[in-house]
Amino acid sequence: MAGLRARLRGFAFGGDYNPEQWDRAVWDEDVALMRRAGVNLVTLGVFAWASLEPEPGRFEFGWLDEVMDLLHAGGIAVDLATPTAAPPVWLSHGHPEVLPVMEDGKTFGFGNRLHYDPTSPRYRQHAARITTALAERYSGHPALAMWHISNEYGPIAYTPGAAAAFRDWLRRRYGDDLDALNDAWYTRFWSQRYTSWDQVAPPELPRSWSNPARRLDFQRFASDALRECFISERDIVRSYRDDLPVLTNFMRFYRHADYWRWAAEQDAVALDIYPDPGRDDSRVAAALNFDLMRSLRGQPWILMEQAASAVSQWRVNNVKPPGRMRLGSYQAIAHGADSVMYFQWRASRGGHERFHSAMLPHSGTGARTWREVEALGAELPRIAEALGSGSRAEIAVLFDWDAWWGLETAYGLPRNDFDYPGMVTDHYRPLLEGHFAADVVSFDSDLSRYRVLVVAGAHLVSDGFVARLERFVAAGGTLLCSYFCGVVDPHNQVRQPAYPGAFRGLIGAYIDEYWPARDGETFEVRFADGTTSVCDWWQESIHPESARAVAWYASGSLSGRPAVIQNPFGSGRVVYVGTRLPPATLHDTVLATVRDAGVAPLVEAAPDFVEAARRGNEHAEFLFLLNHSDTRTARVAVPAPGVDLLTGVAVGDHVSLDPLAVAVIRTERQRQPAAT
Ligand code: GAL
């Protein structure tokens with residue numbers, strides 16, 4: 001990434017470029033307009049397999065040679081993709097075994113994309129051949145700056161080949177010991193015991209219920225199988241040249257790939273994000289995604305794709321109103337992105353995404369979207385000094401795929417409508433709205449650098465995480481924990497002898513029953529300070545051991561029992577919230593907890609629709625302030641005077657932000673360098 005930064009000498013700005021959809025005559029105009037817009041990087045060839053290899057083993061590279069040369073002559077670097085996300089018809093029809101079979105047993109045929117079984121040896125062999133041919137031809141091309149492996153990996157297949165691969169994966173996981181698998185999957189239940197490995201199969205769509213441990217292992221396997229495809233193509237391009245970043249593009253809260261494990265295999269992290277412009281509050285989930293991307297490798301990341309305006313995936317595809325695309329782009333940068341990239345450069349005339357917005361819309365340079373893209377391209381160099389800068393947070397929020405899969409892969413929980421990313425987002429929202437910086441951590445992360453950890457929806461937890469968490473709190477850390485955490489082990493089995501299993505010591509209480517609410521049922525909760533709020537969805541019958549109650553149910557069957565408790569643990573403290581608090585109460589509870597832990601917000605007393613984030617390097621700090629309201633102006637007190645890099649205007653003790661405005665306030669660094 002440092003190499004890419006040095007080469008571009010600024011934020012990467014550009015998008016997916018699909019010249020194979022256009023006549024040769026258009027390419028010169030493309031490059032000229034890219035230059036005009038300030039584009040310095042394009043992603044080439046993502047879905048171009050059929051144009052590159054029109055028949056098995058016959059390559060047509062002439063057009064790509066020409067495009068690479070044109071871009072290079074225009075000073076535009078290339079993020080070259082392997083085209084393996086969209087196999088050509090000769091592969092799908094010539095070798096139908098490469099097609100995926102979906103969970104319902106139906107084959108996903110040719111005519112879309114991602115129509116491949118990641119475990120198919122034939123698919124992998126053909127993917128390796130086109131990847132090798134591309135690497136051989138373009139590794140030395142001066143335009144090449146980065147390798148983009150395939151595109152948005154997912155989902156998995158249910159073919160006989162996938163079943164065999166699943167069995168191999170299980171044999172490795174359980175040390176070839178079928179008894180260990182039977183124990184892990186608790187196959188004594190419903191007579192599911194296996195007596196030979198060839199009886200073990202992926203969990204198909206259940207007629208009624210299914211084994212939760214088997215589903216969980218299949219999720220893990222599916223993520224690993226997709227990752228193997230990435231690794232095999234990565235290794236091919238690296239074998240030709242190992243000084244360029246190699247990555248694939250991640251998706252917003254994508255359930256089928258454990259991005260912590262994936263990120264470790266990549267040189268940098270890249271994200272595609274498409275918030276629905278028709279929904280008001282997608283900014284909180286976007287910010288959490290951005291913090292997750294930064295945290296995956298503890299580095300600046302690449303915003304690989306966003307929409308310049310409308311997308312094409314919803315029932316109604318609203319446009320981004322003026323100023324929203326710019327604001328969203330700075331939001332990504334504020335949370336650590338070193339780029340602003342789009343899908344795509346020029347709007348397609350046909351195909352499914354013919355009305356998906358583009359940097360260059362159908363109506364050309366007269367369009368509002370073009371003007372906004374061009375203006376942003378011209379503006380980004382003003383903040384070039386922030387490129388590569390890192391950030392520090394004293395709060396971490398857990399987002400772990402095993403926790404997600406444990407909560408959502410199988411029926412049979414006290415309630416079966418949990419939404420793991422939604423729960424984590426709900427607990428992250430107060431931090432964002434309260435202007436606190438947060439990192440994201442997994443079960444395997446080092447927690448020792450944080451003061452507060454927020455854990456929500458971690459029904460399944462690993463033993464290693466529990467041990468790390470206990471050390472963290474014992475050493476003085478603060479844990480804020482939601483209901484229904486710590487209950488099952490990594491095999492989806494209930495931890496004994498009492499709920500909440502692994503968290504009993506931490507929360508200083510046991511729970512004898514989980515009480516999901518009936519539809520529409522609410523219950524009053526009264527806090528020690530006399531305030532009350534109306535909760536719903538979930539209750540727990542909590543029996544404090546070392547904990548003390550800070551809120552009690554004041555109505556309903558659990559009236560008088562604790563709803564929120566606090567427990568001292570070593571030198572630290574745990575706040576356990578045993579019910580679903582309404583957003584305002586959760587907001588107050590989370591913020592009181594972080595303030596009690598001695599963590600300060602980035603700015604004090606700013607309105608909640610203003611977002612604050614800070615990046616820094618050895619010379620300076622950059623405070624990003626974003627006004628997400630499209631009607632209200634905000635006055636924000638800033639902690640130190642500086643200069644707004646976007647306007648060049650000196651900032652004293654406060655800044656005024658118009659609706660949708662952004663300020664990037666640079667202050668000279670006084671203290672320790674930020675970790676990058
Ligand atoms: C992404 C994908 C792009 C394009 C975009 C807009 O998921 O990588 O190829 O489809 O969405 O829908």
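## Two buried phenylalanines

Phe166 is buried, and Phe221 is buried too. Buried means under 20% relative accessible area, exposed means over 50%, and partly exposed lies in between, with a 1.4 Å probe and protein chains only. This is a predicted model: local features need pLDDT of at least 70, side-chain atom pairs count only at pLDDT 80 or more, and totals for chains, interfaces and linings use all residues. Residues are numbered from 1 along each chain as its sequence is written, and side-chain values use heavy atoms, leaving out hydrogens and water.

## Overall build

The protein chain holds 18 helices and 27 strands. Both are DSSP runs numbered from the N terminus: helices are H or I with at least four residues, strands are E with at least two. The C-alpha atoms fill a box of roughly 75 × 75 × 45 Å along the principal axes. The radius of gyration of the protein chain is 26 Å, which agrees with the value near 26 Å for a compact globule of 676 residues. That radius is taken over C-alpha atoms, and the globule rule is 2.2 Å times the number of residues to the power 0.38.

Of the 676 residues, 60% are buried. Among contacts with a separation of 6 or more, 71% join residues 24 or more positions apart. A contact means heavy atoms within 4.5 Å.

## Surface and charge

The protein chain exposes about 26000 Å², and carbon and sulfur atoms supply 49% of that area. Areas come from the Shrake-Rupley method with a 1.4 Å probe; for residues, only the protein chains shown count as cover.

There are 67 positive and 83 negative side chains, with the centres of the two sets 1 Å apart. Lys and Arg count as positive, Asp and Glu as negative; His and the chain ends are not counted. Each charge is placed at NZ of Lys, CZ of Arg, CG of Asp or CD of Glu.

## Aromatic pairs

Rings of Phe, Tyr and Trp (its six-membered ring) pair if their centres lie within 6.5 Å; planes under 30 degrees apart are stacked, over 60 edge-to-face, and the rest tilted. Tyr153 and Phe230 form an edge-to-face pair, 6.5 Å centre to centre with 90° between the planes. Tyr153 sits in the loop between β4 (144–148) and α7 (160–173) and Phe230 in helix α9 (residues 212–240), so the pair ties together parts 77 residues apart in sequence. Tyr153 is buried at 3% relative accessible area. Phe230 is buried at 0%.

The rings of Phe166 and Phe221 have centres 5.2 Å apart and planes at 50°, so this pair is tilted. Phe166 lies in helix α7 and Phe221 in helix α9, so the pair ties together parts 55 residues apart in sequence. Ring pairs also link a cluster, including Tyr153, Phe230, Trp262 and Tyr420.

## An enclosed helix

Eight of the 11 residues of helix α12 (residues 324–334) are buried, so the helix is largely enclosed by the rest of the structure. Among the buried residues are Met325, Leu327 and Tyr330. Gly336 follows α12 and has a positive phi, near 115°.

## Backbone exceptions

Most residues other than glycine have a negative phi, and most peptide bonds are trans. The Phe343 to Gln344 bond is cis, with omega near 0°. Gln344 is in the loop between β9 (339–342) and α13 (368–379). The Gln496 to Pro497 bond is cis, with omega near 5°.

Leu114 has a positive phi near 55° and is partly exposed at 21% relative accessibility. Ser191 has a positive phi near 60° and is exposed at 70% relative accessible area.
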